[in-house]
Amino acid sequence: MPGKAAETSIAGDTAGYRSFCRVVAHVRSAPGSDIGVEIWLPLEGWAGVFHGNGNGGFAGILAGGYSGMADGLRRGFATATTDAGTAPATPLEGDALIGQDRKWRDWGRLSTHVMTTTGKAITNAFYGQAAKRSYYTGCSTGGQQGLIEALYYPEDYDGILVGAPVMNRTWGHAAVLWDYAAAHRTPGSLLSDTKLRLLNKAAVATCWKQGHGLAGDRFVSDPMSCTFDPAVLACKGGASDACLTPAEVETARAFYSGPRTAEGKTSYFGWLPGSEMPDTFGWAFLQKPINEQPPFGALFKWVFGADWDWKSFDFDRDMPLVDRRLDAIVNDATRGSLKAFAARGGKLIVYHGLADTLVAPGQSVAFYERHAKDFGGVDKLANNARLFLAPGMMHCGGGAGPDAFNGTLGIPPQPPGYDAGHDIFSALIDWADGGKAPESIIATKFASDDAGKVEMQRPLCSYPKKAVYRGWGSTTSARNFSCAAPGAR
């Protein structure tokens, strides 16, 4: 189809995007498989780069990759996305995949590689030459897609940027089910928005006192080091909005602990102190049904059938069945090695908001430490892979902390600049093209009542370093913080 008029948006109403040719293709390489691919090809000024983008949730629609594609187009890249082969599913609804085993495999492992090989072939045919460089960006399910590329298709991309990557898909969905079940255990177990704000305020204040945050911040700087028991808010007399009932305390504890066995042994990660807010995809979302079922509960219907009832689910009894059926299909990000990707010079950046309540931040830390051990230490892994943790940021963006640092995302505002110091995708490109590895990225928080007003900036540090306040100057300025090794002051 013809490209849009020069320097107009995809919708044709906002300046900023060059003309491009849009191609939509379907790859049907096996019975039951139908992987949708969309690619935008700049009509002028192609930079010689192929740019792949991820999706979200159960995927199923191509629009899930459009925000990343818009950024790629701005840079002059040929830019592509995929529906992950799960149509007619949608990001929040996966019932359409019941009995569709091949579609689960496309979603869990194959579709991004198909998008990449197909997109590169179309790019080559359109321009008459192959792309010289290739980069990938994605968050959530898109993060998982990027890790699969690095682990199993190391030749596909020179640089891969992933945020909040889903790794253990089965237990990630189980964690959401665990929360939903806790909140609906009794009529009084649900945490209202008022109670969530109460919890959040208490958690942040407690972590301040323990030295894991700065007074005045509305978020926790280091929630993984903070210990918080919601019982400090237990009602001493009658129930009120200023305290938590015993049932509400039990629900909050379940959210923090994550799934546990009947004997109390930890099965998976919980959410961190400071993540309690009732924002989009926050704790309130985890308690609300989608089509009369727990959020993302369709995955369990794939195993137990369309008539599955969450109320009868027993984690000790049923999760082994879920893993036997799905682990080998959807959990490949928990396995594999980055060594082949590193051997060819590939660069990987993972980032994760510490107030995320859809994908556990602890999962990204565990992933990075596992691969550091495989490489012989963090210093060796850091030559090819870096992890950045964003205090106060929720799932892919949002939250009380600075969240604008990635031009490929449509959730938070765009960063104030696209230089490598403020935009993590630019930092990846510079690194993958032979520049220095990024030690820090400045994250920006814009005022909610004035989109152009910077409220604060903080550095995100290459793990395991953390941002430490120098002790003088405004805490809203990144220049008054430095990246220090754990335990340093």
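Modeller: Two cysteine sulfur atoms within 2.5 Å of each other count as a disulfide here. This is a predicted model, where local features need pLDDT of at least 70, side-chain atom pairs count only at pLDDT 80 or more, and totals for chains, interfaces and linings use all residues. Numbering runs from 1 along each chain as its sequence is written, and side-chain values use heavy atoms, with hydrogens and water left out.

Colleague: Fine. What makes C461 and C483 a disulfide?

Modeller: Their S to S distance is 2.1 Å, and the cut-off is within 2.5 Å, so the pair qualifies. The link is left-handed, with -80° about the S-S bond. C461 sits in strand β10 (residues 454-461) and C483 in strand β12 (residues 481-484), 22 residues apart; strands are DSSP runs of E, at least two residues, and helices are runs of H or I, at least four, numbered from the N terminus.

Colleague: Why is C461 called buried, and what is C483 called?

Modeller: Buried means under 20% relative accessible area, exposed over 50%, partly exposed in between (1.4 Å probe, protein chains only). C461 has 6%, so C461 is buried. C483 has 27%, so C483 counts as partly exposed.

Colleague: Why is the disulfide of C139 and C396 called left-handed?

Modeller: Because the torsion about the S-S bond is about -100°. C139 lies in strand β5 (residues 133-139) and C396 in the loop between β8 (385-390) and α13 (424-432), so the pair ties together parts 257 residues apart in sequence. Both cysteines are buried.

Colleague: What handedness does the link of C235 and C243 have?

Modeller: That link is right-handed, with 90° about the S-S bond, and the sulfur atoms are 1.9 Å apart. C243 counts as buried because its relative accessibility is 9%. A search of the whole structure finds 4 disulfides.

Colleague: How confident is the predictor, going by the chain's average pLDDT?

Modeller: The average is 94, with 96% of the residues at 70 or more, on a confidence scale from 0 to 100 for each residue. Over residues 1-15, though, pLDDT is below 50.

Colleague: Which residues line the largest cavity?

Modeller: A cavity is a set of points on a 1 Å grid over the protein atoms alone where a 1.4 Å probe fits but cannot get out, and lining residues have an atom within 4 Å of a point. W107, G108, R109, S111, T112, T141, Q144, Q145 and I148 line the largest one. Its biggest share, 5 residues, comes from α2.

How values were computed: Contact means heavy atoms within 4.5 Å. On a 1 Å grid over the protein atoms alone, a cavity is a set of points where a 1.4 Å probe fits but cannot get out, and a pocket is an open set with protein on both sides within 12 Å along at least five of seven lines; lining residues have an atom within 4 Å of a point.
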